[in-house]
Amino acid sequence: MRRRSLRLRLLVTFGLGAFVLSSLVATVTYVGVQRLLINNQQQADLGQSYVNAALVRSTLYTSPPELSNLLNSIQNASASNVLVRTHKEWLARSNSASIYDVSADTINAVDAGRATEQTLHVDGRIIFVVGVPIPSVETQFFEVFQLSNLEHTLRLLLMALIFGALATSLLGLSGGLWVARRTVRPLTEVSNAAALIADGALSTRLLVNQADREVQQLTESFNQMVSQLVQRLERDARFASDVSHELRSPLTTLATTASVLQQHRDELTTAGRESLDLLVADLSIFQSLVEDLLEMARSDGGVEPVMETLPIIELAQQSVRSASRRHALDEPPVEVASGVDDPLVRVDRRRFERVITNLIDNAHRYAGGAVALRIDVAGNFVEVNVDDAGAGVPPEEAEQVFERFFRGLAAHDRGIARGTGLGLALVRDHVRTFGGTITVTRSPEGGARFQILLPLVRSEST
Amino acid sequence: MSRILIVEDDDHIRSALRLMFEGEGFVVDDAPSGEVAMAMFSRMASDVAIVDIMLPGMSGFETCLALRGASDLPIVIVSARDDTADVVLGLESGADDYVTKPFVPEELLARVRAHLRRRPEKSTGAFKLGDLHVIPDEGVVRHGDGAELHLTSTEFRLLTDLASNNAKPLSREDLLERVWGYDYFGDSRLVDVHIRRLRMKIEPDPANPIFLVTVRGTGYKLVI
């Protein structure tokens with residue numbers, strides 16, 4: 001299932017909510033105001049009509065020929081059309097009045113002696129028709145009002161309301177955006193911090209003061225968790241370091257006495273000699289293990305690397321030479337890709353030598369030796385590739401090989417001379433202190449390629 | 001027969017080292033502390049010394065300084081830690097070399113032998129460095145006024161080997177091989193610290209060397 005975005009959901013909820021609410025309020029307002037206005041107008045018009053009807057009646061009594069003039073003056077005064085009907089015939093009407101504005105229903109009702117009012121919607125206009133019977137002269141008076149003034153007002157109101165609703169929706173949307181940001185930000189910070197810590201930046205903490213109360217709890221417990229984790233890690237590292245330090249002296253004595261025994265090898269029986277060989281062989285593994293543990297404790301325990309800006313090609317050549325000689329291994333050639341000038345990197349010389357030593361040793365143990373150390377430049381990084389022609393590292397072990405005491409299938413299958421299980425872990429630790437990365441891929445020869453990427457140093461001054 | 005002084009406070013290690021070096025034909029004097037070592041040293045002429053850094057009382061660094069004050073014999077320090085600061089401090093105290101615990105006994109033996117083997121080579125004639133006269137035949141360096149500038153044998157060797165290379169640079173590896181006699185134990189810090197110490201002695205302004213210059217990408221060379 002695709003995960004929904006909390007940010008998006010908050011945004012949509014706020015935006016949509018504001019839109020629906022403001023639309024509802026606008027609609028209710030519009031309808032209400034429209035009714036009120038029309039009602040008021042109709043009441044006024046109705047009153048007017050009765051007055052006008054009375055005028056018509058008195059005119060019919062006194063001087064019927066004046067009727068037309070009267071009707072026209074009514075039309076001018078109240079902006080309405082008036083019609084007068086008698087004995088089912090239209091008697092008179094004002095100039096712009098039309099008999100079609102008065103419906104048959106209204107006429108019938110008024111004929112029957114009932115005062116009637118009717119609201120019509122014609123062509124988008126609202127027409128209010130009032131019919132008043134004048135029984136004393138058997139006449140019906142009709143007045144047709146145009147509510148056009150009202151229409152204009154209502155249109156303005158409608159526009160204002162739509163504009164208001166849109167503005168409110170936008171406001172809701174931006175409120176949603178703000179809330180979403182505010183809600184999601186602490187989560188983003190926590191996840192960023194967790195990622196940093198996972199990458200080894202153990203001093204990373206969240207800022208507590210700036211957060212809301214609920215978030216403060218989260219950040220406080222997060223920080224507490226990290227602190228405890230760090231303490232735990234430090235305790236473990238110190239323990240490993242203490243153990244290794246304590247092992248140093250007895251190990252030195254053991255190794256030295258073993259070499260004294262070697263001096264007296266000829267005086268030993270066959271069994272004695274074989275035992276001595278076993279002793280010496282395992283002592284050397286023991287020694288490497290303690291050395292690796294000490295080295296690891298140093299980098300875990302925060303002994304600062306001595307960083308120098310150095311030319312990588314010369315450094316690699318020297319490292320390969322001393323690593324190969326130290327372990328009496330074949331010295332792989334150092335190949336520099338064409339076009340690569342003399343790139344500089346920033347490393348701790350001794351630790352870099354250790355990295356190369358361990359990689360060459362690893363290739364020797366598991367892949368019949370390194371075929372080449374290849375140097376190239378890719379973007380802002382210097383590539384240092386230690387290639388072999390062995391079986392390669394299976395993809396599922398590509399991450400694990402760098403873990404402490406990891407022993408891959410290769411080690412089990414072929415009864416390979418035991419390493420300490422720390423060599424590649426140390427390599428990764430050291431490469432990280434240089435700000436670099438190491439991965440294992442496939443070499444051109446089909447074996448493993450241990451690829452170190454180190455940041456390229458642009459100028460020597462840094 | 002070579003005479004070796006072993007200063008080590010751990011009884012077991014000291015005994016084991018004594019056994020090993022005696023087995024290799026050395027005459028061994030051992031001392032559990034710097035104080036005892038200095039008392040012994042005034043009575044007998046050791047050819048080489050192994051000094052542990054972590055000693056009770058007088059520290060290994062102080063012992064090195066005291067030994068260096070009394071003699072030019074090669075000193076190999078045994079450091080419990082491999083931290084650069086320790087190594088540098090040890091070498092600055094006058095040691096010629098160092099190994100870290102747990103060391104491989106054969107390696108220690110090889111180093112001691114290498115130090116004993118080297119003798120000042122008369123590979124180059126006398127030369128001048130500004131105000132200084134370097135006279136390899138006599139193994140001395142004199143100021144213009146005739147006063148002697150004291151260099152340890154390692155420093156002297158470093159200087160004359162660089163001089164004999166005719167102003168061409170030597171890599172750290174080359175220097176380790178030529179000066180220390182090591183094929184494969186090399187640690188470039190050994191060279192760097194000795195170069196720095198030598199500069200303090202021969203350069204008018206050690207921060208801006210004019211004789212003993214660094215050649216980036218290669219190593220060091222001596223400009224005569």
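1. Chain A holds 10 helices and 12 strands. Helices (H or I, at least four residues) and strands (E, at least two) are DSSP runs, numbered from the N terminus. This is a predicted model: local features need pLDDT of at least 70, side-chain atom pairs count only at pLDDT 80 or more, and totals for chains, interfaces and linings use all residues. Residues are numbered from 1 along each chain as its sequence is written, while chains are lettered from A and ligands numbered from 1 in the order in which they are written.

2. Chain A has 462 residues, and 31% of them are buried (20 or more other C-beta atoms within 10 Å of the residue's own, with C-beta atoms placed from the backbone). Take the chain A contacts (C-beta atoms, placed from the backbone, within 7 Å) between residues at least 6 apart in sequence: 63% join residues at least 24 apart.

3. Now the interface. On chain B, 27 residues are in contact with 25 residues of chain A. Elements giving two or more residues to this side of chain B are α1 (11–23), α5 (105–117), α7 (172–180) and α8 (188–202). The largest share, 7 residues, comes from α1(B).

4. By class, that side of chain B has 11 nonpolar, 7 polar and 9 charged residues. Ala, Val, Leu, Ile, Met, Phe, Trp, Tyr, Cys and Pro count as nonpolar; Asp, Glu, Lys and Arg as charged; the others, Gly among them, as polar.

5. Chain B also has an open sheet of 3 strands, in the order β10-β12-β11, with antiparallel pairing. Two strands pair if DSSP finds at least two bridges between them. β10 (170–171) and β11 (212–215) of chain B each have a single partner strand, so one side of each is left without a neighbour in the sheet.

6. β11(B) pairs with β12 (residues 219–222) of chain B over 4 bridges, in the antiparallel sense. L212(B) has L222(B) in β12(B) as its bridge partner.

Note on methods
Two residues are in contact if their C-beta atoms, placed from the backbone, lie within 7 Å. A residue is buried if 20 or more other C-beta atoms lie within 10 Å of its own, exposed if 12 or fewer, and partly exposed in between; C-beta atoms are placed from the backbone.
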